[in-house]
Amino acid sequence: MNNKPLGLYVHWPFCVSKCPYCDFNSHVRNSVDHGRWKKALLTELKHVGSLTQGRPLQSVFFGGGTPSLMDPGTVKAIIDELGTYWRVNNPEITLEANPNSVEIDKFKDFRAAGINRVSIGIQSLNADALKFLGRAHSVNEATRAIEIAAQIFDRYSFDLIYARPGQTVAEWEKELREAMPLVRDHISLYQLTIEPGTAFHTAYARKDFTLPEGNQAADLFDRTNEILAEKQIHRYEVSNHAQLGKECQHNLVYWRYQDYAGIGPGAHGRLTMDGQKYATKCHKAPETWLEKVESQGHAIQEKILLSPKEQIIETLMMGLRLKEGISLASFQDNLNTHAQDVLDKSRLQALKDEGYLLINDTHMKTTPEGLLRLNSLVGYLTETIAA
């Protein structure tokens, strides 16, 4: 029996509106049949539970979309079923929320349902920036949401987006320092990126706006880390910062290349079954997902056996994002081989000599310069591995 811990991701695909930067699987609908969705999510939960029965559950993450639009009764029903399939010992259970009044009013109900951590999509504490980012809340609503979350939950985090058009280091420092009194022990800070298929992608192509690049983006990144370190909140992943021991356990599941199951439209999974690692993906369109679950008990569209090379690439891409890097013991445990046995020694040495990679007896990690070149670094290390 596989005794390695795993995570569970639950995707709620609906939003009040679509943000122009968002490329997540989110949809706007006039109405949602919550009873039907509750039943379908429980049905798919049963299916993935049968594939991973009896394993310890490390974390649950309700993502989206906007999961705070869910009926708290649906959230409770899912949480109540966890022990039916897995060994449950007070796992971290996070729910993403927006700072709108309707959703904030449900925080107590979500806490009663079993949620013990919320992640709030603030994105900015600047009114003009909120308008540019297409957010439906005000600065006052944002701060109120954080204050209420702090009263109700022992653990909470919120997101901000920086490296926005025309933003200087001084302007970002001012905004971040204004946010710091609201931070308890975790915050996520994302540089604005332009993703294909988004409204921003079209606007950026038209040159409606430009973004900080190169040295300016690096200066913003460096100043961010310096300000947070003053409060003993350190970067543990490219965009995530926490006090020691307060890291998001579910995100660590991804970055440490542990197993996780995914339910809901478009949800992905990485599951080890019978000693083999599979990538799973559910049908993306909400209506298609719903129909598939109701007709066959799940909506998994793809279940692909990952090759050893694919697993190595994913391990490097995820793990080297972490400040701690990749545990060599975990690499061996997950992939049944030593990193030094499958990665070209001369290439590893070249990256060390160039100042991009650090390797000691326990970990392999990037330097700050290597992190900026992560995609190229992983490609260089893996191109000599047989498919």
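The structure holds 19 salt bridges, a salt bridge being a side-chain nitrogen of Lys or Arg within 4 Å of a carboxyl oxygen of Asp or Glu. The model is a predicted one, so local features need pLDDT of at least 70 and side-chain atom pairs count only at pLDDT 80 or more, while totals for chains, interfaces and linings use all residues. Residues are numbered from 1 along each chain as its sequence is written, and side-chain values use heavy atoms, with hydrogens and water left out.

One of the salt bridges joins Lys76 to Asp80, with the closest N and O atoms 2.7 Å apart. Both residues belong to helix H2 (residues 72–85), where they sit four residues apart, or about one turn of the helix. Helices (H or I, at least four residues) and strands (E, at least two) are DSSP runs, numbered from the N terminus. Lys76 is partly exposed at 39% relative accessibility, and Asp80 is partly exposed too, at 45%. On this scale, buried means under 20% relative accessible area, exposed means over 50%, and partly exposed lies in between (1.4 Å probe, protein chains only).

Glu173 pairs up with Arg223, and here the closest N and O atoms are 3.1 Å apart. This pair links distant parts of the chain, with Glu173 in helix H7 (residues 169–179) and Arg223 in helix H9 (residues 214–229), 50 residues apart. The two also take part in a network of salt bridges that links Glu173, Arg177, Arg223, Glu226 and Glu230.

Then there is Lys277, which meets Asp259 in a salt bridge of 2.9 Å, N to O. Lys277 lies in strand S11 (residues 276–282) and Asp259 in strand S9 (residues 259–263), so the pair ties together parts that are 18 residues apart in sequence. Lys277 is buried, with a relative accessible area of 6%, and Asp259 is buried as well, at 4%. The charged end of Lys277 also sits over the ring of Tyr257, 4.1 Å from its centre. Such a placement calls for NZ of Lys or CZ of Arg within 6 Å of the ring centre and within 35 degrees of the ring normal. Arg347 does likewise over the face of Tyr380, at 4.5 Å from the ring centre.

Turning to the rings themselves, the structure holds 15 aromatic pairs. Rings of Phe, Tyr and Trp (its six-membered ring) pair if their centres lie within 6.5 Å; planes under 30 degrees apart count as stacked, over 60 as edge-to-face and the rest as tilted. Trp12 and Trp37 have ring centres 5.7 Å apart and planes at 65 degrees, so they make an edge-to-face pair. Trp12 lies in strand S1 (residues 6–12) and Trp37 in helix H1 (residues 34–51), so the pair ties together parts 25 residues apart in sequence. Both Trp12 and Trp37 are buried.

Tyr21 and Phe200 form a tilted pair, because their centres are 6.5 Å apart and their planes at 45 degrees. Tyr21 sits in the loop between S1 and H1 and Phe200 in helix H8 (residues 199–205), 179 residues apart.

Finally, Ser59 is found in strand S2 (residues 56–64) and is buried, with a relative accessible area of 0%. Its side chain is joined to that of His250 by a polar contact of 2.8 Å. A polar contact is a pair of N or O atoms within 3.5 Å; within protein, one must be able to donate a hydrogen and the other to accept it, and residues adjacent in sequence count only if both atoms are side-chain atoms.
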